[in-house]
Amino acid sequence: MAEASVMSLAPAARNPLGRWLVYALLTGFAAFYLVPLLVVVLNSVRTAQDIGATSVIGWPRELALDNFSRAWSSYCIAQTCAGIAPYMWNSFLLVVPATIISTLLGALNGYSVALWRFRGDNWVFGLVTLGVFLPEQMKLIPWVLVLRDLGLTNSIAGLVLIHVVQGISFTTLFCRNYYVAIPAELLKAARIDGAGYFRIFWRIVLPLSPPILIVTVIWQFTHIWNEFLYGVTFTSGPQQPVTAALIALSVSVSEAPQYGVQSAAVLLAALPTLLVYLFGGKYFLRGLTAGAVK
Amino acid sequence: MSALVIRNVRKRFGAQEVLKGIDIAAESGEFIVLVGPSGCGKSTLLNIVAGLEQPDAGDVEIAGRVVTRVPPKDRDIAMVFQSYALYPTMTVRQNITFGMACRGVPKRQQAEAVARTARLLQIEALLDRKPSQLSGGQRQRVAMGRALVRDPLLFLFDEPLSNLDAKLRVEMRMEIKQLHRRIGATMVYVTHDQIEAMTMATRIAVMHQGEVQQFADPDTVYNRPANLFVARFMGAPPMNTVAARLVGGERPVAVIGAGRPDEIRLPLPAEGGPPPDWRDREVVLGIRPEAIAEAGRRFGVEEGSFSTLEAPVEMTEPTGAETIVMMRLGGEPVLGRVAPDVRPVVGGAARFAVDTRRICLFDPATERLIA
């Protein structure tokens with residue numbers, strides 16, 4: 001592997017012009033990719049008059065930082081003028097339990113299918129991971145029926161349930177693939193020592209799991225935070241998560257479009273996932289590539 | 001009372017029959033070694049004794065109690081694994097006490113047991129380290145400690161030394177043997193290394209293709225192997241096995257390369273010779289390399305029970321402690337072990353003494369020992 005990549009890099013490394021071309025091309029693509037973000041960031045500090053006088057593309061004439069405070073606490077979304085703060089809170093109430101529960105269930109599932117042999121174990125694993133491939137739209141109507149029967153329509157608890165159930169496919173897959181690297185002799189030793197299914201999980205497997213749990217938590221957190229379809233379908237008004245509320249915000253046409261405030265709201269809504277990546281990113285990469293036990 | 005009885009144990013994985021009816025009984029305090037090439041079923045048998053695998057048929061009895069359907073934790077056994085299987089996130093102390101913690105042993109009792117075991121194995125200084133901070137030999141000791149702290153009815157070892165380097169392996173081998181003598185517990189030890197088997201066992205079960213080929217004390221297994229497989233598996237270099245013919249009446253003689261100008265005639269000992277119906281028949285003659293030495297060696301016996309012969313020398317291997325000589329007897333390649341200072345000329349002929357009491361005869365059809 002290492003040799004092959006060195007060899008394929010060699011021609012570019014020997015030719016400085018070729019290397020500069022590659023860098024220029026990559027920088028160009030990166031800049032192109034970042035332009036929408038740049039527009040949003042610039043607009044978030046421009047006043048409505050400023051944007052109205054020119055267009056959404058342009059440099060700010062003065063820094064209008066109050067866009068952020070208005071977006072946070074006073075901007076009107078669908079008749080309530082409390083900014084996105086309550087919806088952010090909704091998202092937290094949704095994301096935190098859904099992430100924790102789906103990760104723990106995934107770890108337990110992964111532990112079971114990776115380290116214990118039982119009749120049909122491969123089928124169970126196959127069926128659980130099938131969920132990874134099912135499109136969300138396909139599951140809308142079944143979820144409508146389930147939430148109605150459980151009395152969880154238009155509630156954050158209903159969304160937590162959806163994301164826990166749907167998350168299990170991914171979290172099980174992640175954890176199972178990590179746990180198969182745990183040597184079988186470790187479990188044998190524990191069984192002879194007198195440990196049962198749950199004690200082996202808590203005392204031996206879970207302490208080995210931080211790398212993969214970090215990966216799973218980051219994945220679930222960003223996925224559930226950014227999720228929009230279920231939020232907008234199953235909740236309305238004050239129950240909505242922030243992604244759904246942003247839509248309501250952009251269609252409020254009572255006054256002149258407030259692009260500055262809206263941009264600020266978008267940035268605020270994106271902040272939690274950004275922070276999760278900034279703080280967990282290095283564990284994310286480490287966890288994806290780490291072997292379980294050395 | 002038998003410490004362990006394995007009765008007609010059978011196991012099959014899919015189409016492959018791994019254990020074909022194993023019977024082994026160990027007395028209390030014995031050190032039983034299961035030895036055989038990889039794939040012979042020895043580890044599966046150990047896992048069945050531990051309760052980690054279920055036999056398809058047969059019974060396992062530990063200290064008089066049938067435990068075939070009893071889970072591992074209730075069999076009162078301890079096991080040491082090839083990879084040591086130390087819990088990576090626990091300290092050495094926690095590794096050793098984990099079994100007691102699972103059984104709800106009071107903390108004070110746990111501490112006493114750890115102190116006693118750590119002293120026995122000289123690992124007191126390591127108790128607060130993690131397994132990743134230990135060397136291979138130290139991990140091995142901790143794995144032993146985890147087993148010893150329990151004071152079980154039966155100790156099981158699954159190739160515990162095969163991950164150590166050669167020097168450490170010899171040291172640990174002696175240590176385990178001393179340990180066994182000191183605590184007098186019953187041990188079952190799986191290895192593919194026939195030297196470990198010879199040096200440690202009170203009795204050896206040689207396994208091959210899911211069957212016990214021979215179950216006997218090391219001397220018997222070495223000197224009177226039950227069949228050709230055991231003869232060729234035990235010993236390094238292994239026993240020479242060559243085709244021969246038995247001739248003569250009252251005192252039969254084994255002839256190697258009969259009819260050739262360089263045929264070799266070896267008189268067989270008066271006692272324990274082949275049964276009369278084997279006279280004038282083809283056999284396989286087995287002789288240990290150390291029973292062929294330089295001429296003049298008397299093997300500590302009187303004239304008559306060894307014979308002297310001349311044979312062409314094809315190669316010599318001086319090992320320092322001795323010289324291994326590859327020669328031809330009646331055209332068949334045979335190894336001998338001569339004194340270190342004896343260096344026969346390669347390509348020439350040399351004279352050798354043969355301890356004919358050590359000759360084993362095998363049936364060429366069944367490969368079983370005849371005499």
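In chain B, the residues B:Thr117, B:Ala118, B:Leu120 and B:Leu121 of helix H3 meet B:Arg141, B:Met144, B:Gly145 and B:Leu148 of helix H4. Two residues are in contact here if their C-beta atoms, placed from the backbone, lie within 7 Å. By class, this contact has five nonpolar, two polar and one charged residues. The classes are as follows: Ala, Val, Leu, Ile, Met, Phe, Trp, Tyr, Cys and Pro count as nonpolar, Asp, Glu, Lys and Arg as charged, and the others, Gly among them, as polar.

Before I continue, please note that this is a predicted model, in which local features need pLDDT of at least 70 and side-chain atom pairs count only at pLDDT 80 or more, while totals for chains, interfaces and linings use all residues. Residues are numbered from 1 along each chain as its sequence is written, and chains are lettered from A and ligands numbered from 1 in the order in which they are written.

How are H3(B) and H4(B) oriented to each other? H3(B) covers residues 107-121 and H4(B) residues 136-148; they pack at an angle of about 135 degrees, and their axes are 10 Å apart. Axes are lines fitted to C-alpha atoms, for helices over the stretch in contact, and angles run from 0 to 180 degrees between N-to-C directions. Angles under 35 degrees count as roughly parallel, over 145 as roughly antiparallel, 65 to 115 as roughly perpendicular and the rest as oblique. The two helices, H3(B) and H4(B), are therefore oblique to each other. The crossing of H3(B) past H4(B) is right-handed, a term used if the near helix is turned clockwise from the far one by less than a right angle, whereas anticlockwise makes a crossing left-handed.

Let us now follow chain B beyond this pair. B:Asp151 lies in the loop between H4 and strand E7 (154-158) of chain B. Although B:Asp151 is not a glycine, its phi is positive, at about 50 degrees. Is B:Asp151 buried, exposed or partly exposed? A residue is buried if 20 or more other C-beta atoms lie within 10 Å of its own, exposed if 12 or fewer, and partly exposed in between, with C-beta atoms placed from the backbone. B:Asp151 has 13 such atoms within 10 Å, so B:Asp151 is partly exposed.

With 20 other C-beta atoms within 10 Å, B:Glu159 is buried.

A further backbone feature concerns a proline. The peptide bond from B:Ala236 to B:Pro237 is cis, with omega near -5 degrees. B:Pro237 sits in the loop between helix H8 (228-233) and strand E11 (240-247) of chain B.

As a whole, chain B has eight helices and 20 strands. Helices (H or I, at least four residues) and strands (E, at least two) are DSSP runs, numbered from the N terminus. The C-alpha trace of chain B spans about 80 × 45 × 40 Å along its principal axes. Of the 371 residues in chain B, 41% are buried.

What does chain B present to chain A? In total, 18 residues of chain B are in contact with 16 residues of chain A. Strand E6 (77-80) and helix H2 (92-102) of chain B each supply at least two residues of that side of chain B. The side of chain B that touches chain A divides into 12 nonpolar, four polar and two charged residues.

I turn to chain A, which has 14 helices and zero strands. Of its 294 residues, 35% are buried. Contacts between residues 24 or more positions apart account for 75% of those in chain A with a separation of 6 or more.

Chain A is divided into domain 1 (2-73) and domain 2 (85-289), with bounds that come from an automatic or database domain assignment. The centres of these two domains of chain A, taken over C-alpha atoms, are separated by 30 Å. Between them, 17 residues of domain 1 are in contact with 12 residues of domain 2. On the domain 1 side, the elements giving two or more residues are helix H2 (16-44), helix H3 (48-53) and helix H4 (66-73) of chain A. H4(A) provides the largest share of that side, six residues. By class, the residues of that side of domain 1 are nine nonpolar, six polar and two charged.

Finally, A:Gln79 has its place in the loop between H4 and helix H5 (85-115) of chain A. A:Gln79 is exposed, because 9 other C-beta atoms lie within 10 Å.
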